[in-house]
Amino acid sequence: EECKVFQEHAVYMADFAIEKPITAEGIKRRIEIFMGELRQAREEQEAMKHVLELIKEQQRRKHVLVIDDDPGMLKIIKEHLRENYDVATAISGKIAYKFLENKKTDLILLDYEMPNESGLQVLQNLRNNEELASIPVLFLTGINDREKIKKVMMMKPQGYLLKPIDKEKLLGTIEQFIG
């Protein structure tokens with residue numbers, strides 16, 4: 001395999017100087033040095049590629065998925081977030097799951113009371129899915145019933161915010177989790 005690599009890079013042999021007289025052992029040693037330098041250059045190139053990918057990920061605009069059955073609330077939240085984040089909306093857990101099959105999100109804002117499937121059920125399904133379990137979830141809801149809040153908090157969401165929400169408070173809370 002090293003011979004194949006050497007042949008691929010033999011065009012760079014002009015940089016490979018051998019002084020006479022030299023033995024077969026000397027040639028072997030120079031080739032080993034050349035191949036070691038080549039390997040090191042490749043490793044450095046791979047490391048640089050990894051660093052560039054990390055920088056690109058950090059510069060990527062963060063994404064927020066808002067799940068709420070109220071189109072008016074979705075519009076308000078989207079308006080609050082659009083300057084700082086890429087925002088997608090879903091009117092049900094079912095639509096959110098479909099979205100998450102193909103797209104990545106950095107944080108989910110979730111309503112508690114929705115038809116067909118409550119926010120609590122959506123959170124349980126997210127936590128039970130290995131690929132989605134680590135996504136931070138903030139409840140954003142008008143429900144302030146103590147018992148319902150206790151049930152939700154047992155599922156360990158990252159937060160529970162009450163509607164109507166102040167734009168600055170919402171942005172500040174999201175910033176704590178995804179920057």
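This is a predicted model: local features need pLDDT of at least 70, side-chain atom pairs count only at pLDDT 80 or more; totals for chains, interfaces and linings use all residues.
Helix α4 spans residues 93-102, and its buried residues are Gly-93, Ala-96 and Leu-100. Viewed down the axis of α4, these buried residues fall within an arc of 55°, so they line one face of the helix. The face turned away from that buried side carries the exposed residues Lys-94, Lys-98, Glu-101 and Asn-102.

The elements below are among those that cover the buried residues of α4.

| Covering element | Residues |
|---|---|
| β1 | 63-67 |
| β2 | 86-90 |
| β3 | 107-110 |
| α5 | 119-128 |

**Packing of α4 with α5**

Two packed helices are described by the angle between their axes and the distance between the axes. For α4 and α5, the axes come within 10 Å and cross at roughly 25°. Because angles under 35 degrees count as roughly parallel, α4 and α5 are roughly parallel to each other. Their crossing is right-handed. On the α4 side, the contact is made by Gly-93, Tyr-97 and Leu-100; α5 contributes Gln-121, Val-122, Asn-125 and Leu-126. By class, the residues of this contact divide into 4 nonpolar, 3 polar and no charged. Gly-93 and Leu-100, which take part in the contact with α5, also belong to the buried residues of α4.

**Ile-33 in helix α2**

Ile-33 lies in helix α2, which covers residues 24-59. Ile-33 counts as partly exposed because its relative accessibility is 39%. The C-alpha atoms of Ile-33 and Val-51 are separated by 27 Å, with the two residues 18 residues apart along the chain.

How values were computed: Residues are numbered from 1 along each chain as its sequence is written. Side-chain values use heavy atoms; hydrogens and water are left out. Helices (H or I, at least four residues) and strands (E, at least two) are DSSP runs, numbered from the N terminus. Buried means under 20% relative accessible area, exposed over 50%, partly exposed in between (1.4 Å probe, protein chains only). The arc is that of the directions from the helix axis to the C-beta atoms. Contact means heavy atoms within 4.5 Å. Axes are lines fitted to C-alpha atoms, for helices over the stretch in contact, and angles run from 0 to 180 degrees between N-to-C directions. Angles under 35 degrees count as roughly parallel, over 145 as roughly antiparallel, 65 to 115 as roughly perpendicular and the rest as oblique. A crossing is left-handed if the near helix is turned anticlockwise from the far one by less than a right angle, and right-handed if clockwise. Ala, Val, Leu, Ile, Met, Phe, Trp, Tyr, Cys and Pro count as nonpolar, Asp, Glu, Lys and Arg as charged, and the others, Gly among them, as polar.
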